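Here's a quick tour of one protein model, written for someone just starting out. Have a look at the picture first, then read on.

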Amino acid sequence: MFIRSKINHDLQIFLGIIFGLLIIGGLFIYSASSVYALEHFGSSHYFVKKQIFGIIVGIIALIIGCIVPIDTIKKYSPVLLVGAMLLTALTLFPQFAQKIHGSNRWLKLGGFAFQPSELLKIAVILYTAYFLDKKIYKQSSFTRSFLPLIVMIGIPCIILLKQPDFGMTFTLLITVFMVLFIAHFNNKQLFITTAAFIPVVLGLIIMKPYRLKRIITFLNPWNDPKGAGFQIIQSLIAIGSGGLTGVGIGNSKQKFFYLPMQHTDFIFSIIAEETGFIGSIFLVFLFGSLLYFGIRIAWQLCTPFDTFAALGFTILISLQAIINIAVATGLAPTKGLGLPFVSYGNSALVCNLFMVGIIINMVHNTHKK
């Protein structure tokens, strides 16, 4: 009874944090995008209305995640992975893809556009948990243990790189390797695989000049302040302008066409400008708390599949937040990752809420055991 009470308490706090992030997101999406939306779409409410619609769809996705039996999710995890890979692969064909900011990440079907890679990241985490639950990795044979996982994780990564989406690929791989490490996977195999990936990553950076340019810009954005370094410089100006308490919600100056992607990848910069150091630290605290309580919940779940899936979801969301904030503050090269539950983007929002629904489902599943 004490354990059930503890996990319920942790879940309530976890959901409260997510609810708080959604409110912050809605408020600052409106603040950050109002000028841009009015100029381009004739309504300052354009993006916030779409975000509210995304929250409604996301709540439906959360409910679906709550009611689908966990045993069914586990059983069909490999099927879900293959399906998500096929959907994501469709973005490689021009007749199905919608190119935005130079990447074919959006799929156009039936008049709707969405990012199938968001569904793919869920499928990869679920398959990893399925793999660990089966304890296949306990076998001594490399070809029967680690190799199948490498193949099933490697194919989605290749598809993501073809879009290209280096940021999502990097985040997903780090998440999977962290889950494997926590699961006491064969350290030798993990080390060898990680070492093998280093020259691959370097090769991918060198092969694409724009990736190398991002690294150079990250090291010194002031080399090209009106070109490649413009975005990060404007982001730092926004953050620095906030001072301790900020310029006030709605009073950002950088949103007046100085800072690009101010309501998506760089919304943290606008939040920092309008709420200052105090508001920024509070947002970082919320994400730190989400990670803490997500891990606490995962360790109290009753099956390895539930534990590793919940860990994977929590780490993935938290890692995306860390990378987004690091990019906005100039601590990492630009990756094209939004701030979970806060940045504008319905595909990511719906899929993140679906993951939350599955975690809630896993907690209820623990009560039944």
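What percentage of the 369 residues of the protein chain count as buried? The answer is 52%, where buried means under 20% relative accessible area, exposed means over 50%, and partly exposed is in between (1.4 Å probe, protein chains only). Keep in mind that this is a predicted model, where local features need pLDDT of at least 70, side-chain atom pairs count only at pLDDT 80 or more, and totals for chains, interfaces and linings use all residues. Residues are numbered from 1 along each chain as its sequence is written, and side-chain values use heavy atoms, with hydrogens and water left out.

**The whole chain**

- The protein chain has 13 helices and three strands; helices (H or I, at least four residues) and strands (E, at least two) are DSSP runs, numbered from the N terminus.
- The protein chain is as compact as a globular protein of its length, because its radius of gyration is 21 Å, close to the 21 Å that the globule rule gives for 369 residues. That radius is taken over C-alpha atoms, and the globule rule is 2.2 Å times the number of residues to the power 0.38.
- If you boxed up the C-alpha atoms along the principal axes, you'd need a box of roughly 55 × 50 × 40 Å.
- Among contacts in the protein chain with a separation of 6 or more, 73% come from residues 24 or more positions apart; a contact means heavy atoms within 4.5 Å.

**Surface and charge**

- The accessible surface of the protein chain is about 17,200 Å², and 71% of this belongs to carbon and sulfur atoms. Accessible areas come from the Shrake-Rupley method with a 1.4 Å probe, and for residues only the protein chains shown count as cover.
- On the charge side, the protein chain has 27 positive and 11 negative side chains. Lys and Arg count as positive and Asp and Glu as negative, while His and the chain ends are not counted.
- The centres of the two sets of charges lie 8 Å apart, with each charge placed at NZ of Lys, CZ of Arg, CG of Asp or CD of Glu.

**Aromatic rings**

- There are seven aromatic pairs in the structure. Rings of Phe, Tyr and Trp (its six-membered ring) pair if their centres lie within 6.5 Å; planes under 30 degrees apart count as stacked, over 60 as edge-to-face and the rest as tilted.
- One of the pairs is F41 with Y46, which is stacked, at 4.0 Å centre to centre and 5° between the planes. F41 is partly exposed at 42% relative accessibility, and Y46 is partly exposed at 28%.
- Another pair, F47 with Y344, is edge-to-face, with 5.0 Å centre to centre and 75° between the planes.
- F47 sits in helix α2 (residues 46–67) and Y344 in the loop between α12 (304–328) and α13 (346–368), so this pair ties together parts that are 297 residues apart in sequence. Both F47 and Y344 are buried.

- Q163 and P164 are joined by a cis peptide bond, with omega about 0°. You'll find P164 in the loop between α6 and α7 (166–182).
- M261 is not a glycine, yet it has a positive phi of about 55°. M261 is in the loop between α10 (230–241) and α11 (267–299) and is partly exposed, at 23% relative accessibility.
- F341 also isn't a glycine, and its phi is positive too, near 70°. F341 belongs to the loop between α12 and α13 and is buried, with a relative accessible area of 2%.

- Helix α7 holds T171, which is buried at 0% relative accessibility. Leaving aside neighbours within four places in sequence, T171 is in contact with L316, L319, Q320, I323 and L337.
- T171 and I315 are 144 residues apart in sequence, while their C-alpha atoms are 9.6 Å apart in space.
- I271 is in helix α11 and counts as buried, at 3% relative accessibility. Beyond its neighbours within four places in sequence, I271 is in contact with I24, F28, G276, L283 and V342.
- V151 lies in helix α6 (residues 146–162) and is partly exposed, with a relative accessible area of 41%. V151 and T217 are 66 residues apart in sequence, and 34 Å apart in space from C-alpha to C-alpha.
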